[in-house]
Number of protein chains: 2
Amino acid sequence: MTAENPIITALGRAGLRLTGARRAVADAVAGRRGHFTAEDVLAASRSRGPLVGRATVFRSLELLTGLGLVERVDLPSGDHAYVACEPSIHHHHVVCSRCGRSVEVGELGLGPILARVESATGFRIESHRLELFGLCPECRAAAAERPA
Amino acid sequence: MTAENPIITALGRAGLRLTGARRAVADAVAGRRGHFTAEDVLAASRSRGPLVGRATVFRSLELLTGLGLVERVDLPSGDHAYVACEPSIHHHHVVCSRCGRSVEVGELGLGPILARVESATGFRIESHRLELFGLCPECRAAAAERPA
DNA sequence: TGCGCTCTTGCGATTCAGTCTCAACTGGCG
DNA sequence: CGCCAGTTGAGACTGAATCGCAAGAGCGCA
């Protein structure tokens, strides 16, 4: 877990200091398949080294969000969570509503739809957010055997 | 503003009591073109009658959300807001990032896209949330004359 | 029309996530 | 090796949202 981590590499490339706290946060983020809350990261970082302050976790998360390494999603429950992701291109996330796992799904051909909305409403669309929720294959299988 | 209000009608139809507090909240909601926060509703209801407790506003908003008369949107800023809407069919909202006005835009032909995502990821999509942000025609005009 | 049973309300206390401050620290360059 | 600015951590602080409970108010029924 202290091995090289793309998040850490990216931090260095952005000209930011590779501090212990950031490594801790980066590791905590990288070690998750699904979404996580700031609180999760806080707990994870704490359990791993000396101590990471609440404020620092939020700051680091904000930093990572700025770099596009992490994205914020709002769960249907209203909670705020984050997901790690590729900084590259525009994409969306599919979140499993049972286990929380999340998968990226690239651009979806929303362009034509946005154009349609623009002409219908007169708005100029600047940004959008699409979040998909459902059951991942595993949870689907599990649900079939033993319904929630 | 004490005239009949579709929200109030709907409350009655749902078998709920038409109390003063609910009327106040319903009026506050109906009197807005755009999104609003719980705090807005609280202030509006207060300025209109005796007094409405914070808790009651939240309870009413939750109630209206359950009835589909109001929907929650998460602004890009991370704030929680609500928009009034038709309970009828599935639809999305376009929110003006400058004045906050919001417009409904009906189903957008997301079906095929969702199907594509399902087959690509193996997930079974149960729900989705699409929020569009941009400038409404008026703000667009205003911005052209006197850039923010 | 009046009564009573519940549902609702309102207030205060409480929780809790997220932010801010500030002195101490440390990473990394020279 | 030493310095300086970028970072950190602890805790205080803020403000939104929730909870509990007793008082109050709809609405149905007689």
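Helices, at least four residues long, and strands, at least two, are runs assigned by DSSP and numbered from the N terminus. The views below show a predicted model.

**View 1. Chain A and its elements.** Chain A contains 6 helices and 5 strands. Read from the N terminus, its elements follow the order α-α-α-α-β-β-β-β-α-β-α. The C-alpha trace of chain A extends over about 55 × 45 × 25 Å along its principal axes. Of its 148 residues, 31% are classed as buried. Among the contacts in chain A with a separation of 6 or more, 45% link residues 24 or more positions apart.

**View 2. The surface of the protein near DNA strand D.** H4(A) makes the greatest contribution to this surface, with 4 residues. At least two residues each are supplied by helix H2 (20-30) and helix H4 (54-67) of chain A, and by helix H3 (38-46) and helix H4 (54-67) of chain B. In total, 22 residues lie around DNA strand D, and those that come nearest are Ala21(A), Gly53(A), Thr56(A), Leu18(B) and Ala55(B). By class, the residues of the surface near DNA strand D comprise 9 nonpolar, 6 polar and 7 charged.

**View 3. The surface of the protein near DNA strand C.** DNA strand C is surrounded by 21 residues, of which Ala55(A), Ala21(B), Gly53(B), Ala55(B) and Thr56(B) are the closest. Helix H3 (38-46) and H4 of chain A each provide at least two residues of this surface, as do helix H2 (20-30) and H4 of chain B. The surface near DNA strand C is made up of 9 nonpolar, 6 polar and 6 charged residues.

**View 4. The sheet formed by chains A and B.** An open sheet of 6 strands has the order E4(A)-E3(A)-E5(A)-E5(B)-E3(B)-E4(B), with mixed pairing. Its edges are strand E4 (102-104) of chain A and strand E4 (102-104) of chain B, each of which pairs on one side only. From one strand to the next, the twist averages 20°.

**View 5. Strand pairing around Phe133(A).** Within chain A, strand E3 (residues 93-96) and strand E5 (residues 124-135) run parallel and are joined by 4 bridges. Here Val95(A) has Phe133(A) of E5(A) as its bridge partner. Between the chains, E5(A) pairs with E5(B) in the antiparallel sense over 11 bridges. In that direction, Phe133(A) stands opposite Ser127(B) of E5(B).

**View 6. A helix of chain B across the sheet.** Helix H5 (residues 111-121) of chain B lies across E3, E4 and E5 of chain A.

**View 7. The contact between chain A and chain B.** Chain A contributes 31 residues to the contact, and chain B contributes 32 residues. On the side of chain A that touches chain B, E3, helix H5 (111-121), E5 and helix H6 (137-145) each supply at least two residues. E5(A) provides the largest share of that side, with 12 residues. The side of chain A that touches chain B consists of 17 nonpolar, 8 polar and 6 charged residues.

Key: Residues numbered from 1 in each chain as written. Chains lettered and ligands numbered in written order. Predicted model: local features only at pLDDT ≥ 70, side-chain atom pairs only at ≥ 80, totals over all residues. Near = placed C-beta within 6 Å. Nonpolar A, V, L, I, M, F, W, Y, C, P; charged D, E, K, R; others polar. Buried ≥ 20, exposed ≤ 12 C-beta atoms within 10 Å, placed from the backbone. Contact = placed C-beta atoms within 7 Å. Pairing = 2+ DSSP bridges. Axes fitted to C-alpha atoms, helices over the stretch in contact; angles between N-to-C directions.
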